[in-house]
Amino acid sequence: SGQERLAARDESHGGPWGSHNHERTSHHHGLNHHRSTLRERLADDEMAYEEAVQECAVWRERALRQEAALCVLHGEDVASGIKRLNEQRLRFNQTVRAAP
């Protein structure tokens, strides 16, 4: 009968909501994949940022050591030389931020 065929078709397709559930499940799988991709990208960016921070710290330490060595060579106070270097850095940062 027609009712039996409809019932069999609904059962084979997961009921009247089968296609909707399938679309929703596909959409969720796509979103989960996208979320995983974004998380991987974020982890890579965080790692690159940490490496850059560490590299900056190494360069800053080198600059401070070199400034201290120059102060000693010129018979200047090391603390004043470091203070002067820090002031130069601050002026440079202000200039960079003010640039369009």
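Analyst: This is a predicted model, in which local features need pLDDT of at least 70, side-chain atom pairs count only at pLDDT 80 or more, and totals for chains, interfaces and linings use all residues. Residues are numbered from 1 along each chain as its sequence is written, and side-chain values use heavy atoms, with hydrogens and water left out. Let us begin with Glu-67, whose place is in helix α2; helices (H or I, at least four residues) and strands (E, at least two) are DSSP runs, numbered from the N terminus.

User: Is Glu-67 buried or exposed?

Analyst: Buried means under 20% relative accessible area, exposed over 50%, and partly exposed in between (1.4 Å probe, protein chains only). Glu-67 has 14% relative accessibility and therefore counts as buried.

User: Which residue meets the side chain of Glu-67 in a salt bridge?

Analyst: A salt bridge requires a side-chain nitrogen of Lys or Arg within 4 Å of a carboxyl oxygen of Asp or Glu. Glu-67 pairs with Arg-84 at 3.1 Å, N to O. This pair links distant parts of the chain, 17 residues apart, with Glu-67 in helix α2 and Arg-84 in helix α3 (residues 78-98). Arg-84 is partly exposed, at 35%.

User: Which residues are linked with Glu-67 in a network of salt bridges?

Analyst: The network links Glu-67, Glu-76 and Arg-84. Arg-84 also bridges to Glu-76 at 3.3 Å, N to O, and Glu-76 is partly exposed at 39%.

User: How many salt bridges does a search of the whole structure find?

Analyst: The search finds three. Among them is Arg-65 with Glu-61, at 2.6 Å, N to O; these residues are four apart in helix α2, and so about one helical turn separates them.
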